[in-house]
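Here is my note for a colleague opening this structure for the first time. Please keep the view at hand while going through the points.

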Amino acid sequence: IGKSRFALALAHCLMCLEPRGSLACGECRQCLLNKAGTHPDLKSLEPEEKGKQIKVDQVRELVSFLANTSQQGGYKIAVIFPAEQMNINSANALLKSLEEPAANTLLLLITDSPSRLLPTIRSRCQSLRFQLPSHDEALTWLSPLVPAQVDCEQLLLEAAGQPLTAIDLVETDRMDQRSQMNRDFLAMLGGTDTPLSIAEKWLAYDLPEALAWLTRTITTLITHQMAGGPMDEQWRPFISGISTQRLYKLSDQVLLLNAQLQRGGNPNKQLALEQLMLETCDVFTARTAS
């Protein structure tokens with residue numbers, strides 16, 4: 001929803017020599033360095049590999065950077081994302097810098113899961129929460145940025161209301177992948193394909209992406225069951241009479257697996273997908289049996 005973009009925009013504005021309102025001018029020496037990604041007083045810290053933890057050696061290197069004098073005479077700024085990927089050792093290595101930062105030093109910690117930050121980290125930070133834009137706001141912003149043939153309502157639904165995710169879905173092949181996932185899932189529920197076969201097909205997909213699609217789909221089904229929310233007509237034959245409680249349990253399984261990945265776990269991908277597909281079939285079979 002734009003937390004990382006906001007953090008960089010804030011950093012660039014604070015470093016800018018002639019900011020225009022709340023934005024950097026984009027033209028001064030500081031802005032040109034930031035555009036080139038070579039500003040010596042701005043440092044980003046993220047895991048060396050996607051989904052892995054931020055290591056203590058990375059944080060120690062950042063702490064050394066923060067202890068040095070600003071090369072450009074202004075702010076020194078560090079952006080850490082995702083901050084929840086710091087383990088106990090790396091988080092503890094950052095505490096001193098959070099407690100007693102040098103003058104004109106700013107640390108921006110970005111997280112999707114504030115509860116996963118150590119309490120000692122949270123207590124030393126000011127919290128700024130970002131909310132999803134309203135449906136109408138998101139559509140207004142999104143509509144002029146996507147091709148005319150794209151259904152913005154459906155796109156925003158696929159993106160769970162996140163406008164930047166929606167843009168990414170359009171610019172990559174992820175929408176095609178999600179359409180294929182939907183066809184696979186319906187084929188499995190309709191009995192024309194098997195859970196193990198679908199699990200094998202989904203090995204070609206990024207596991208977090210598959211879990212994101214599953215989360216969105218199950219949430220949509222739950223919303224429809226409880227409040228009559230919108231639902232793809234293709235699902236109607238399978239959703240009638242299904243237990244909302246069972247859907248919640250299935251959602252919990254997906255969320256637990258996703259949380260394991262976010263903590264740096266490395267589950268067996270094929271076994272995890274097979275288990276999810278089999279449990280899904282159990283949920284819908286129970287509906288049929290009842």
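1. **A surface leucine.** Leu128 is exposed, because its relative accessible area is 58%. Exposed means over 50% relative accessible area, buried means under 20%, and partly exposed is in between (1.4 Å probe, protein chains only). Leu128 sits in the loop between helix H5 (119-122) and helix H6 (135-142). Helices (H or I, at least four residues) and strands (E, at least two) are DSSP runs, numbered from the N terminus.

2. **Basis of the note.** This is a predicted model, in which local features need pLDDT of at least 70 and side-chain atom pairs count only at pLDDT 80 or more, while totals for chains, interfaces and linings use all residues. Residues are numbered from 1 along each chain as its sequence is written, and side-chain values use heavy atoms, with hydrogens and water left out.

3. **The nonpolar patch.** Which residues make the nonpolar surface patch of about 450 Å²? They are Ile1, Phe6, Leu128, Phe130 and Leu132. Patches take residues with over 30% relative accessible area and no salt bridge; like charges are joined within 9 Å, and nonpolar side chains (Val, Leu, Ile, Met, Phe, Trp, Tyr) within 5 Å. Accessible areas come from the Shrake-Rupley method with a 1.4 Å probe, and for residues only the protein chains shown count as cover.

4. **Salt bridges.** A salt bridge puts a side-chain nitrogen of Lys or Arg within 4 Å of a carboxyl oxygen of Asp or Glu. The count by this rule is 14. One of them joins Glu61 and Lys43, at 3.6 Å from N to O. Glu61 belongs to helix H3 and Lys43 to strand E1 (residues 42-45), so this pair ties together parts 18 residues apart in sequence. Lys43 is partly exposed, at 23% relative accessibility.

5. **A bridge within one helix.** Asp57 and Arg60 also form a salt bridge, 3.5 Å from N to O. The two are three residues apart in helix H3, so about one helical turn separates them. Is Asp57 buried or exposed? Asp57 is exposed, with a relative accessible area of 54%.

6. Check the bridge between Asp168 and Arg174, where N and O are 2.2 Å apart. Asp168 is partly exposed at 29% relative accessibility. Arg174 is buried, at 18%. Both belong to a network of salt bridges that links Glu158, Asp168, Arg174, Arg178, Glu209 and Arg216.

7. **Aromatic pairs.** Rings of Phe, Tyr and Trp (its six-membered ring) pair if their centres lie within 6.5 Å; planes under 30 degrees apart count as stacked, over 60 as edge-to-face and the rest as tilted. There are seven aromatic pairs by this rule. Phe185 and Trp213 have ring centres 5.2 Å apart and planes at 75°, so their pair is edge-to-face. Phe185 lies in helix H9 (residues 174-189) and Trp213 in helix H11 (residues 207-227), so the pair ties together parts 28 residues apart in sequence. Phe185 is buried at 3% relative accessible area, and Trp213 is buried at 0%.

8. Trp235 and Phe284 make a tilted pair, 6.5 Å centre to centre with 45° between the planes. This pair links distant parts of the chain, 49 residues apart: Trp235 is in the loop between H11 and helix H12 (236-239), and Phe284 is in helix H14 (residues 269-289). Both residues are buried. One aromatic cluster takes in Phe185, Trp202, Tyr205, Trp213, Trp235 and Phe284.

9. **A buried serine.** Ser70 lies in the loop between helix H3 (56-67) and E2. Ser70 is buried, with 16% relative accessible area. A polar atom of its side chain is 3.4 Å from the backbone nitrogen of Gln72. The Ser70 side chain also reaches the backbone nitrogen of Gly74, at 3.1 Å.

10. **A buried proline.** Pro82 is in the loop between strand E2 (76-80) and helix H4 (88-99). Pro82 counts as buried at 18% relative accessibility. Pro47 is 35 residues from Pro82 in sequence, yet 8.0 Å away in space, C-alpha to C-alpha. Leaving aside neighbours within four places in sequence, Pro82 is in contact (heavy atoms within 4.5 Å) with Pro47, Ile54 and Ile110.

Terms used: Polar contact = N/O pair within 3.5 Å; in protein donor to acceptor, adjacent residues only side chain to side chain.
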